[in-house]
Structures are given as structure tokens and as C-alpha cells.
Amino acid sequence: MMSKNEAKYIQSLFHKKTREAEGVFVVEGPKLLEEVLASDYVIRKIFATGEWMKNSWHPVETIEVSEDELQRISGLQTANQVLAIVEQKQVNAAPVLEGKLTIALDNLQDPGNMGTIIRIADWFGVKQIIASNNTVELYNPKVIQATMGSFVRVDIWYDDLESIIAKANVPVYGALLNGTNVLEMETVEEGVLVIGNESKGISDAIKQLVTAPITIPRYGGAESLNAAVATGIILSHIVA
């Protein structure tokens, strides 16, 4: 049975300040938890319905809760069988840019976009993302949910993006109005692909560091593309 203090603690983890202080985050749903259980993330405790528990085995402490109890602690509109408290993971070694493709997120703000880009990166085999310090937090529950579990396979750093890109010894790609048509590009073996803010695009400081501008040709009247959609289109043409 879940105590009132436990319920209150879980609810507090939907606030960034508490997540940072405690060094943990929330994972919800069977699919996401299955991915986390198969990874090197450390799970502290699981709260689950009897239905989930009878079909799952794992060594983690699990507390059975009713569907109503789960709904009260869930961040989802409809709770989905299981919720886990997971320890945040620190990526210690600095990212190596040579010999691989890296995505750089410049002040991305929408959790859904962030999570979807992580999922897209995983799909195309991009193993690392560098995010500016003002980009939305990885462990935001909406980000985690949108990744569909892909966050366990993609390393993500938060750092001074301008400084890192300025020192990069690889091509720096960025979606700009006057660039190489992405449909005509060769496969990219190494480089940094910069994805800008949803409304403002790539910041002026980072834009000056882009050495290989890319353009997605427009055939209709839409003013712009969603950041995650643009990422998927670009990767589909530059990844082998």
C-alpha cells in the first residue's frame, strides 16, 4: 500500500526543482519502464497495479496500488498501469565530435519536440545530443514520455553550446534559408547538426558558426516546419 507521504513525494517530482534536488525522475507506462529495466538506469521504486505485477518480474521493490491511487500520482491524463522513480544519470566524459554525427539543440523549449528529436535520433542511429543550457530539461516528464524510451540509448549533454561548436573540428550543419538543398546532399559521416528554437530558429551567435547551411525545399505555403519534423527530414537524407 502506498503511504500519503509517498504519494506527496511522487507528485512533487513533477516539478523541476524537486527533480534536480533529489536527482530522480518519473517514468510511466509499461513500454517506457520495459526500456528502463533493460538499460543501466537505476530504478529506486515501482508503483503498479495488480494487472501489471502479475505479468512482470524484476528485482526492484514494487508497491501495489489501485487504479485510483495510480491516477492520483500520475502525470498522464489516464494513468497507465505503472509508475517508477528512476535515478538521473550523469554523462561524465565530454562528447567526441569527430567520426560521428551529433545533434545540437539551440534553446529548444517544447518538451514534445525535445522528446521526439531524441526518438528520431535513436531511429537514425545518432548516439549523442548536445543541448544548450537553456534547452528544456531532459527529465521533464513530457520529454521522457515523448521519447518512447529512446532516451536510454542516446547520450545527452547540457553545456555552453557556442563554446563547444566554436571548437568543433567537424562541419557544422544548420537549417537556414540559403543553403544546400538537403535532397541533393551526400551522406554525412561526421558533423554537428544544429536544431534551433521553435519560433526564433538558430540563435545569431550559433548561426555565425554554421559552416554548412542546409535548406529543406518548400513547395507549399507553410511558413515553417516543426523542429522535430525538420530534424527527421534532414536525417533521412544525410544518414547512410
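I began with Glu35, which is buried, at a relative accessible area of 14%. Buried here means under 20% relative accessible area, exposed means over 50%, and partly exposed lies in between (1.4 Å probe, protein chains only).

The model is predicted: local features need pLDDT of at least 70, side-chain atom pairs count only at pLDDT 80 or more, and totals for chains, interfaces and linings use all residues. Residues are numbered from 1 along each chain as its sequence is written, and side-chain values use heavy atoms, with hydrogens and water left out.

**Entry: around Glu35**

I placed Glu35 in helix α3, residues 30-37. Helices (H or I, at least four residues) and strands (E, at least two) are DSSP runs, numbered from the N terminus. I then looked up what Glu35 touches: Met148, Gly149, Val152 and Arg153, not counting residues up to four places away in sequence. Contact means heavy atoms within 4.5 Å. With Arg153 there is also a side-chain to side-chain polar contact, at 2.8 Å. A polar contact is a pair of N or O atoms within 3.5 Å; within protein, one must be able to donate a hydrogen and the other to accept it, and residues adjacent in sequence count only if both atoms are side-chain atoms.

**Entry: strand β4**

I found 5 of the 6 residues of β4 (residues 82-87) buried, so the strand is largely enclosed by the rest of the structure. Strand β1 (residues 24-28) pairs with β4 in the antiparallel sense over 5 bridges. Two strands pair if DSSP finds at least two bridges between them. Strand β2 (residues 43-48) also runs antiparallel to β4, joined by 5 bridges. Leu83 of β4 is the bridge partner of Glu28, and Phe47 stands opposite Leu83 as well.

**Entry: the open sheet**

I traced 6 strands in the order β7-β6-β5-β9-β8-β10, with parallel pairing. The edge strands, pairing on one side only, are β7 (155-159) and β10 (212-215). Strands β5 (residues 101-105) and β6 (residues 128-132) pair over 3 bridges. There, Ala104 stands opposite Ile130.

**Entry: the largest pocket**

I noted a volume of about 830 Å³. The lining has 25 residues; Ala175, Leu177, Glu223, Ser224 and Leu225 lie nearest the centre. Elements giving two or more residues to the lining are β8 (172-181), β9, β10 and α10 (227-238). On a 1 Å grid over the protein atoms alone, a pocket is an open set of points where a 1.4 Å probe fits, with protein on both sides within 12 Å along at least five of seven lines; lining residues have an atom within 4 Å of a point. Grid points are joined across faces, edges and corners, and the volume is the space filled by probe spheres set on them.
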